[in-house]
Amino acid sequence: MATYCLTVTRLQHALGQGVRRLHVSAAFRAKAQVTMSRFEPSSHINYDKLVSNVNIVRKRLNRPLTLSEKIVYGHLDDPVGQDIARGRTYLRLRPDRVAMQDATAQMAMLQFISSGLPRVAVPSTIHCDHLIEAQIGGAQDLQRAKEVNQEVYNFLASAGAKYGVGFWKPGSGIIHQIILENYAYPGVMLIGTDSHTPNGGGLGSICIGVGGADAVDVMAGIPWELKCPNVIGVKLTGSLSGWTSPKDVILKVAGILTVKGGTGAIVEYHGPGVDSISCTGMATICNMGAEIGATTSVFPYNHRMRTYLQKTGRDIAALADEYQDVLVPDPGCEYDQVIELNLSELKPHINGPFTPDLAHPVSDIGRVAEQNGWPLEVKVGLIGSCTNSSYEDMGRAASVAQQALDHGLKCQAQFTVTPGSEQIRATIERDGYAKVLREVGGVVLANACGPCIGQWDRRDVKKGEKNTIVTSFNRNFTARNDANPATHAFVTSPEIVTALAIAGSLKFNPETDYLTASNGEKFKLVPPTGDELPARDFDPGQDTYQHPPADGVALRVDVNPQSNRLQLLEPFDRWDGNDLEDLYILIKVKGKCTTDHISAAGPWLKFRGHLDNISNNLLIGAVNMENDAVNSIRNQLTGEYGGVPDVARDYKKHGVQWAVVGDENYGEGSSREHAALEPRHLGGAESSSPGRA
């Protein structure tokens with residue numbers, strides 16, 4: 001392939017760009033065998049099939065297509081016969097690959113084992129990122145996680161080897177950063193068992209978060225069903241500058257659309273402002289599209305993506321250039337809704353608390369916090385996560401930290417740093433960013449999800465103590481990060497987090513306010529800077545990938561029947577075809593009920609492979625409308641009050657079917673599979689709600 005790319009470049013130089021498609025493409029397309037990733041030499045990118053399917057559908061619909069439609073319809077199982085109506089029909093699709101994080105991969109692999117198939121039908125990977133708790137620091141926390149989770153890691157590694165699934169060991173990094181660095185590419189359709197899989201849209205991919213059952217369908221070679229998505233267009237004009245970052249784009253969009261506004265739609269960014277955003281910045285924006293309920297988000301292929309592909313060592317850019325027409329929207333395509341943002345006028349934002357769509361300009365948050373009685377003191381600033389842990393993110397945060405150090409200051413709040421991958425960790429160590437962030441008071445955590453998903457052994461405040469934290473994460477649901485319902489969590493960009501951690505107060509506006517140096521002089525922070533990509537290429541760090549053998553038939557995967565972490569699955573009883581009648585109401589939920597309320601994460605993640613044990617967290621975070629209490633409901637068989645899982649188990653024991661009644665928003669969030677499986681496992685027959693996100 002290197003020879004092909006070199007020849008293309010030489011021909012383009014000799015013949016000129018005007019004849020590029022006619023002469024170069026015709027001569028070499030048949031030869032171009034570009035691998036999907038360096039880890040899978042026998043799996044190749046098939047843009048010709050994508051183009052063929054798109055042409056069939058465009059002719060049938062007789063209209064220009066959005067980029068979202070091109071990639072989605074380009075993966076139709078039957079482009080000729082498929083009924084296509086945005087927002088109405090269900091599509092049968094053939095995704096290119098599957099990715100699973102270690103918490104959800106347990107259930108997915110247990111389901112795949114139950115299928116009896118010898119090997120996955122599409123390239124698939126497992127990523128160990130969810131089970132590493134932040135306690136002390138990166139190395140110590142990683143070692144502890146390996147010891148505590150040895151049984152689960154061994155299961156996933158051996159199951160991956162047997163069934164042909166690549167295995168990224170603990171310490172490799174966060175699934176979405178690994179995908180961006182190695183597997184996402186323009187035009188690919190990838191499904192992942194995590195709600196922030198849309199991160200890959202920053203590289204022109206359609207990446208969709210799904211449950212384990214959907215992943216198993218694709219791994220088994222079965223067409224995957226998706227309701228034909230609407231398409232929301234976000235037209236970007238102007239350019240980012242100063243303290244405004246890519247994160248502010250999605251924080252602003254979340255404020256406009258709310259947590260429900262993107263439901264059933266793909267958010268497609270377009271317009272001249274796109275070129276002012278880095279590839280990893282586009283990924284940040286797509287990542288947090290999950291917070292508006294979007295199916296996924298995507299950007300059109302451009303030179304920023306080309307540079308990122310080259311810098312991450314993938315020989316894809318030349319081929320993507322040849323097929324660029326199918327990797328951008330058609331002129332004149334129509335969107336179901338259009339939002340316009342002028343990036344030159346966009347101000348830094350901070351969203352929260354308790355919901356990611358409560359948007360505020362940073363300049364207003366101090367006043368709003370005072371009016372609402374929110375704690376002004378910033379107790380902890382946390383940067384990183386799958387949303388904001390790129391090289392550019394770390395560089396911009398370090399540039400703010402260096403200014404504080406130059407004036408003799410350190411963070412007044414606690415400060416943590418989570419690298420997105422081993423490659424990012426190694427590179428920021430080499431280039432000095434990690435040193436600067438440590439010197440300003442930061443603790444560099446393991447390459448993992450950590451506090452973003454509640455894997456945080458926080459000890460500076462007591463549970464129930466009202467306090468404020470600021471993060472560069474994506475979610476800030478009640479008790480999401482530290483299991484403390486009194487923690488007011490705000491999400492913003494890494495550079496704003498760093499500035500607020502240095503100042504120690506929500507009232508600080510880095511665009512206008514001054515800090516006091518150690519010598520008593522006043523100074524103002526200058527806007528952050530940071531290289532989009534490292535000048536000396538990435539340092540890959542330690543090799544943490546396990547290739548599956550060519551043939552795993554002889555390998556064995558053991559699940560101990562006495563294990564409290566893993567449990568082989570048994571099928572649910574079939575529906576008997578009759579209407580559901582005389583159901584008991586287990587609980588009528590008050591207010592928003594996210595998947596964190598239905599199936600809490602944090603310490604419960606360890607049981608994701610054991611359905612019966614994890615069902616002990618069913619709805620323990622939901623508020624009972626009857627008594628305004630959490631995890632306290634009346635058992636209609638005994639008249640006594642008990643925990644939600646306990647009452648559900650008692651109903652099941654006595655053969656009583658039950659239902660859950662939600663309030664205005666039921667089911668927002670991630671890991672919806674466990675939030676669906678647990679009620680079914682404990683005898684639930686139905687959940688109903690006037691609103692879902």
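Colleague: Among contacts between residues at least 6 apart in sequence, what percentage join residues at least 24 apart?

Modeller: This is a predicted model, and the value is computed from it. Contacts in the chain between residues at least 6 apart were taken, and those joining residues at least 24 apart come to 76%.

Colleague: How does the radius of gyration compare with the globule rule for 693 residues?

Modeller: The chain has 22 helices and 28 strands. For 693 residues the globule rule gives 26 Å, and the chain is close to that, so it is as compact as a globular protein of that length. Its radius of gyration is 25 Å.

Colleague: What share of the chain is buried?

Modeller: A residue is counted as buried under 20% relative accessible area. Of the 693 residues in the chain, the buried ones make up 60%.

Colleague: Which residues touch the most other members of the largest nonpolar core?

Modeller: That core has 167 residues. A second, separate core has 19 residues, including Cys593 and Val644. In the largest core, the residues touching the most other members are Tyr47, Met109, Leu236, Tyr269 and Phe299.

Colleague: Which residues does Met109 touch, not counting those up to four places away in sequence?

Modeller: Met109 is among the residues with the most contacts to other members of the largest core. Leaving out residues up to four places away, Met109 touches Met100, Ile126, Phe155, Leu156, Ala159, Tyr163, Val165 and Met219.

Colleague: Is Gln455 buried or exposed?

Modeller: Gln455 sits in the loop between strand S16 (442-444) and strand S17 (467-471). Its relative accessible area is 7%, and the limit for a buried residue is under 20%. Gln455 is therefore buried.

Colleague: Which backbone oxygen does the side chain of Gln455 reach?

Modeller: Beyond its neighbours within four places in sequence, Gln455 is in contact with residues including Leu131, Gly450 and Leu605. At 2.9 Å, its side chain reaches the backbone oxygen of His130.

Colleague: In the open sheet of 3 strands, which are the edge strands?

Modeller: The order is S22-S27-S28, with parallel pairing, and the twist averages 25° from one strand to the next. An edge strand pairs on one side only, which holds for strand S22 (584-588) and strand S28 (684-688).

Colleague: What is the bridge partner of Trp658 in S28?

Modeller: Strand S27 (residues 658-661) pairs with S28 in the parallel sense over 4 bridges. Helix H21 (residues 644-653) lies across S22 and S27, at about 170° to S22. The partner of Trp658 in S28 is Gly684.

Key. Residues are numbered from 1 along each chain as its sequence is written. This is a predicted model: local features need pLDDT of at least 70, side-chain atom pairs count only at pLDDT 80 or more; totals for chains, interfaces and linings use all residues. Side-chain values use heavy atoms; hydrogens and water are left out. A nonpolar core is a set of buried Ala, Val, Leu, Ile, Met, Phe, Trp, Tyr and Cys residues joined through side-chain atoms within 4.5 Å. Buried means under 20% relative accessible area, exposed over 50%, partly exposed in between (1.4 Å probe, protein chains only). Contact means heavy atoms within 4.5 Å. Helices (H or I, at least four residues) and strands (E, at least two) are DSSP runs, numbered from the N terminus. A polar contact is a pair of N or O atoms within 3.5 Å; within protein, one must be able to donate a hydrogen and the other to accept it, and residues adjacent in sequence count only if both atoms are side-chain atoms. Two strands pair if DSSP finds at least two bridges between them. Axes are lines fitted to C-alpha atoms, for helices over the stretch in contact, and angles run from 0 to 180 degrees between N-to-C directions. The radius of gyration is taken over C-alpha atoms; the globule rule is 2.2 Å times the number of residues to the power 0.38.
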